[in-house]
Amino acid sequence: MDAQVLNYVFPNDMHPHWTLMIVLYTYLTGLVEGAFIVSALSYVFGFKSLQPIARFSLVLAFSWLVVVTVPLIIHLGQPTRAPWMLLTPNYDGPSMMAGFGYIYLIYTLVILFQILFVYRYEMVLFKATSSGIKHHIYSILTLGTNDRSKEGRQIDTKVIWLFGALGIPTASLLHGYVGFIFGGVKAVEWWFTPLMPIVFSFSAAVSGIAGVIVTYIMIKLFTKRVYEIKTETLKTLIKLLWTFFIFAFFFEMLELGVHAYSVTENWHHVKAALEGPMQWSFWTMQIKVLSIIPFFILMWLSLRTIGRIALMFWGVVVSIMLLMQVFFMRWNVVVGGQIMGKSGRGFTEYFPEWFDKEGILVAGLILIAPIVILWLLSKIFPFWESTTEGER
Amino acid sequence: MTTMNDFMRKLIVSDDTIAPKEPQYRHIEQEMIDRDRRGFIDKIMSGALGGSLMLVVPMHSELFGELLSEEPTISLDESKKKQYCFIVDVTGCIGCGACCVADRKENNVPEGQYRTWVERYVIDMLGEVYVDSPNGGEDGYSESRDDITNEIKDSYFVPKLCNMCDEPSCVQVCPVGATFKSPDGFVLVDNTHCVACSYCVQACPYGVRFINEQTKTADKCTWCYHRVRKGKEPACVAACPTGARKFGDLNDPESEVAKIYHSKALLSVLKKEQGNDPRLYYIGAGQEVI
């Protein structure tokens, strides 16, 4: 049966109900997880080479985390009722969406407290030397403590470790959970697979690490401090990126492969979609251009001795490609699942409007917002080598 | 939906079964008052406080205003319990679209959105299946398909509506409990509580859900619950000129649906493999019907 030619979808399925905003939501949660992993590798697993960017990654994760719910709320038909998600969660089902609010809140608290402890000692010092609003901000953020003792700082280190250790499973849960929101929908053949949370988790790590590399180099470039970029740090990040990408890509292909090999009735419909309306976004972009090419670039960067400038240049290029790869992957999951109509006989189309409530302009603003938030946070939490480093 | 069930049960009990308070209970109350006035007032106060808290603590779902209707469909008495079912006789449907018009009017469904629709199936001699449903079949099928070149083997109309599943995916996924299954088996949406996240729309295997453009909440066919509660049949059933849409109580041996259900008629459900146990049955629907 040639589903594409017949092209019949149920009348209520003429357009996807989950739009670009839901694509963004899955994308942003992924970025958070990946950036957090970089900081956790330093704080919890003691990766020395990642130490220079550990706290930057943590603050970066936080700046993405605060906007995660924005696209969700914009998408709701009744945004003012969003608190019901927390106040009357459906645990009888249970609804996979109902738990997200709680996991998100817990994760936000974990990251927030970790940041407060990472910066506690410095903030105590800043509080003493600053005045005006900054003084008040530091007074609030230090939660009233003025402890400068060595013992106090040793406790800080332990607490940071604890929050980092708590954060790793929470981060995996957060994004694995997002994967399960899709993976648990049996009515949509393209989503319904237990591999979905795994695919989401690994691709999240890929996007977040790529995000750290791009922002790290760009910030240093724009502040004219490229000489501060540590080659060893960059090399470690690129190796990490390659490792996580191998897993992410492997599981993506495993999912597809199992689907294809089973040759069920559903597969015929999925295959027709992948060769039809999703041909460009899936095969051309996600797989060929943005997966296979970056794989070889990363292999080259990871396994060969590369000059510092080349490492930086190709590091940024490959990271941007992978940031796009993950975006395409999210798009192909969220939108792809919906354009395959439940009639099993056809597809619908979707391309976001430019100026719609859930359109491209709003999406652009949501993606820019974390950069502004990061800039604001940099005024309170210095990212790089601290002035008090010598005292440690 | 424990909360819903409990809440409804209380309402029903208070409506049907609570007898006037017996004098001996009054006597006990009097004794309580005499023994410990202060304690009694405390209890009353805490009850009042609890009661007023109920007003601010959000409940899972509100009930329809027409709960206590002329024809109660909910009963705690198992022998009186109704078991509604819907049967569509595909062989009887002429594709006139009267059901869709009636439904839109009855339920104020916005144009371009569909609580029910009628599909036209055409199968050619090579087994190729052609399906369409222009404007949900609401305007009838006066035009034949001119894009089919092969000789036609079979052709029929299939009305679609909520499958009112026993294991509804939409209820399972609703994050706030706004979609629920009533004790009499109807899957309903409380549109005063729905956040319109569209998760239920995604989860429904039958594509019967949509986000109502006017209310900005999830909407779907209710088998005209508001009419059923008044002892009437759903609007589409009443409008069907050929009786292809049938609705009734399986526990009533005199009902048409019970007679069909217990006869040798071959009944089928849609997407059986989904495991949702629909209570919408079809007579004469080919296996190509999805």
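**Questions on a predicted two-chain model**

Biologist: In the loop between which helices of chain A does A:Ser49 lie?
Modeller: The model is a predicted one. In it, A:Ser49 belongs to a loop of chain A. The helices on either side of that loop are α2 (20–43) and α3 (51–65).

Biologist: Is A:Ser49 buried or exposed?
Modeller: A residue is called buried when its relative accessible area is under 20%. The value for A:Ser49 is 12% relative accessibility, and therefore A:Ser49 counts as buried.

Biologist: With which side chain does the side chain of A:Ser49 make a polar contact?
Modeller: Leaving aside neighbours within four places in sequence, A:Ser49 is in contact with A:Glu232, A:Thr233 and A:Thr236. A polar contact, at 2.8 Å, joins the side chain of A:Ser49 to the side chain of A:Thr236.

Biologist: Turning to chain B, what percentage of its residues count as buried?
Modeller: Chain B contains nine helices and 11 strands. Among its contacts with a separation of 6 or more, 65% come from residues 24 or more positions apart. Of the 290 residues of chain B, the share that counts as buried is 51%.

Biologist: Which strands stand at the edges of the open sheet in chain B?
Modeller: Four strands of chain B form this open sheet, with mixed pairing, in the order β9-β1-β11-β10. Each edge strand has a single partner strand, so one side of it is left without a neighbour in the sheet. The edge strands of chain B are β9 and β10 (267–268).

Biologist: In which sense do β1 and β9 of chain B pair?
Modeller: Strands of a sheet may pair either parallel or antiparallel, through backbone hydrogen bonds. Strand β1 (residues 84–89) of chain B is joined to β11 (residues 280–283) of chain B by four bridges, and these two run parallel; B:Asp89 stands opposite B:Ile283 there. On the β9 side, B:Phe86 stands opposite B:Phe247. The pairing of β1 with β9 in chain B extends over five bridges, and its sense is antiparallel.

Biologist: Which residues of β9(B) point the other way from B:Arg245, B:Phe247 and B:Asp249?
Modeller: In a regular strand the side chains alternate between the two faces of the sheet. Strand β9 (residues 245–249) of chain B is mostly covered, with five of its five residues buried. B:Arg245, B:Phe247 and B:Asp249 point one way, while the other way point B:Lys246 and B:Gly248.

Biologist: By what distance are the C-alpha atoms of B:Leu250 and B:Tyr261 separated?
Modeller: B:Leu250 lies in the loop between β9 and α9 (256–261) of chain B, and its relative accessible area of 9% is why B:Leu250 is classed as buried. Beyond residues up to four places away in sequence, B:Leu250 touches several residues, including B:Gln83, B:Cys85, B:Val257 and B:Tyr261. B:Leu250 and B:Tyr261 are 11 residues apart along the chain, and the separation of their C-alpha atoms is 7.7 Å.

How values were computed: Residues numbered from 1 in each chain as written. Chains lettered and ligands numbered in written order. Predicted model: local features only at pLDDT ≥ 70, side-chain atom pairs only at ≥ 80, totals over all residues. Heavy atoms only, no water. Buried < 20%, exposed > 50% of the residue type's maximum accessible area, 1.4 Å probe, protein only. Pairing = 2+ DSSP bridges. Polar contact = N/O pair within 3.5 Å; in protein donor to acceptor, adjacent residues only side chain to side chain. Contact = heavy atoms within 4.5 Å.
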